[in-house]
Amino acid sequence: MSVAPPTPPAAPGDGPHRADRAPGAPAAGAPDTTHRRRSLAVAVAVLVLAVVAALLLRVPGVADRLPGAAGCATVDGDPRPPAALRAAAREVRDALAGATDELAVTCRFTGPDDADGTDPGADPARWQLGVDAGVAQASAVPDLASAVLAAADPGAPWTWWLGVHGTQRTLEVVLTPGGDAAPATAAAAVLAASGATSVWVGPESAHVLVASGDQVAGAVRAVDAVDLPPTTVGADHPWVEVRQVHAGAWPGGEAVALAVDVAGWEGVYRVVLTGGAPASASLTVETEADAYRSEVARRLDALVQPGEPVTYDVRAGDVGVPGTVGSGGVAPAPAPTPGATVDGVAVCPGDALAVEVTGTDAAAGSRFLFLRATNAGAAPCALAGVPALAFTRASGTPVPDLTQLVDVVAPDAPPTTVLAPGDAADAQVRWGAMSTTNDPDVAVRVTVRPVPGGPDVDLALPTPLDVLAGATVRVGPWRPAQDPAAAP
């Protein structure tokens, strides 16, 4: 008869379902060694991270690059900002919390570095604290500017750059700690009144940008209605800028309209009008090539400019042509008078020249008349200068209010041509096409005085010309004929 072995005593803490436990699972009520090991590992990791973070915070510049650690971001390579600067950055950030859609606070080291090994970042006077706050509506800018100024200590040894911009179009104002929000209020008013795409206002200057040239005059009026430092109003299409010399004074409205108009001329890519009492209006025109420089200068000469005088400088590269708008052209050097000599050659007397009309032409809205003077004398003579003209209409009366411009642009000068007997020189006359609908009294004759003091030569025109009352003709100087035997 066999006897069953006795049941072993239950281990401490074993429950009645010990056999049902998963292999390796801790007994109920026993310490969970796996859980303890994991908790210990986490605790050690946290401790290591804390030590590493503490060490990093002692490295210059690292703490300031961690979000929220120093209240401001630093530029790569800058040392760690001094404590006073970081505290001011946090104060500004806290003061504007919730009041802006965007906020960036920057600590920038302005130097110089020390050569003696001391920490250059420890001197607050070598730093700049920048605040750039954004809002959705420009109307909120004045209140935000006031909040920025209230948080900015004007007695701090560092410099401040405080900017406020609106995300509805663009408005940015640089504020001066210790000042007021008036510049921000003025900038917001200009943005609202002018249709500008952007307004920037700094302590000593301002800039307003509009979308097109036809908005420039309105923006000028909007700036004139507020108190801003000397301001530039500009447009990109076409590229034109109107600049104040002194706050509160602008070039006249006629000069502004002229600048916008010239900016749209062919070959012009930038126009800058500068002025405002007591400074006189000055127009700088930048052209794409030398050929455009001369043509633009000629057009400016021919304009009838009301209002204040406007000087100009038409430039292509480093070469400029100066003048005054509506001056009638740059007067060339006077032609030598009969009886004088040029390089030992006697000046052509008027009665030794046979003058004729050799042709007319028309192209792209312009009209042309070609003249020729031939040396009919027995000796060589020198011919220079520009012929003087008068036109007679079909009615037998002179063309009234005729303006003759010299078709020479400084620094050019009329050449002197030595004509041997039988040689000829040509001169070109040009003008803009004119409508005969309201004035059918066209020119049928031209009177030419080839040299100063010489006789007048009256010539019939080969075809009636639209040189009408009030016409402006540009007369070029005598130049050697390409082919004395043939008309141009």
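Q: Is Cys107 buried or exposed?
A: You are looking at a predicted model, where local features need pLDDT of at least 70, side-chain atom pairs count only at pLDDT 80 or more, and totals for chains, interfaces and linings use all residues. Residues are numbered from 1 along each chain as its sequence is written, and side-chain values use heavy atoms, leaving out hydrogens and water. A residue is buried under 20% relative accessible area, exposed over 50% and partly exposed in between (1.4 Å probe, protein chains only). The relative accessible area of Cys107 is 0%, so Cys107 is buried.

Q: How many disulfides does a search of the whole structure find?
A: A disulfide is a covalent bond between the sulfur atoms of two cysteines. Here a pair of cysteine sulfur atoms counts when they are within 2.5 Å. Counting the bonded cysteines along the chain, the pattern is 1-2, 3-4. The search finds a total of 2.

Q: Which strand holds Cys107, the partner of Cys72?
A: The two cysteines are joined by a disulfide, S to S 1.9 Å. They come from distant parts of the chain, 35 residues apart, with Cys72 in the loop between helix 2 (62–65) and strand 1 (73–74). Helices (H or I, at least four residues) and strands (E, at least two) are DSSP runs, numbered from the N terminus. Cys107 itself lies at residues 102–109, in strand 2.

Q: Why does Cys72 count as buried?
A: Cys72 is the bonded partner of Cys107, and their link is left-handed, with -100° about the S-S bond. Cys72 counts as buried because its relative accessibility is 4%.

Q: Is the disulfide of Cys348 and Cys381 right-handed or left-handed?
A: The sulfur atoms of Cys348 and Cys381 are 1.9 Å apart, and both residues are buried. The torsion about their S-S bond is about 85°, so this disulfide is right-handed.

Q: How many residues apart are Cys348 and Cys381?
A: Cys348 and Cys381 form a disulfide. This pair links distant parts of the chain: Cys348 is in the loop between strand 15 (345–346) and strand 16 (353–363), and Cys381 is in strand 18 (residues 381–384).

Q: What kind of aromatic pair do Phe109 and Trp127 form?
A: Rings of Phe, Tyr and Trp (its six-membered ring) pair if their centres lie within 6.5 Å; planes under 30 degrees apart are stacked, over 60 edge-to-face and the rest tilted. By this rule there are 3 aromatic pairs. Phe109 and Trp127 are 5.3 Å apart centre to centre with 65° between the planes, and the pair is edge-to-face.

Q: Which strands does the pair of Phe109 and Trp127 tie together?
A: Both residues of this pair are buried. They are 18 residues apart in sequence, and their places are strand 2 for Phe109 and, for Trp127, strand 3.

Q: Which element gives the most to the lining of the largest pocket?
A: On a 1 Å grid over the protein atoms alone, a pocket is an open set of points with protein on both sides within 12 Å along at least five of seven lines, and lining residues have an atom within 4 Å of a point. The largest pocket holds about 460 Å³ of space. Of its 20 lining residues, Glu295, Arg299, Ala302, Arg430 and Arg474 are the closest to its centre. The top contributor, with 6 residues, is helix 8.

Q: Which ring lies under the charged end of Arg299?
A: A charge sits over a ring if NZ of Lys or CZ of Arg is within 6 Å of the ring centre and within 35 degrees of the ring normal. The charged end of Arg299 is 3.9 Å from the centre of the ring of Trp265.

Q: How many residues does strand 22 give to the lining of the second largest pocket?
A: This pocket is lined by 13 residues, with Asp426, Ala427, Gln428, Pro477 and Arg479 nearest its centre. Strand 22 and strand 26 (479–480) each supply at least two. Strand 22 gives the most, and its number of residues is 4.

How values were computed: On a 1 Å grid over the protein atoms alone, a cavity is a set of points where a 1.4 Å probe fits but cannot get out, and a pocket is an open set with protein on both sides within 12 Å along at least five of seven lines; lining residues have an atom within 4 Å of a point. Grid points are joined across faces, edges and corners, and a volume is the space filled by probe spheres set on the points.
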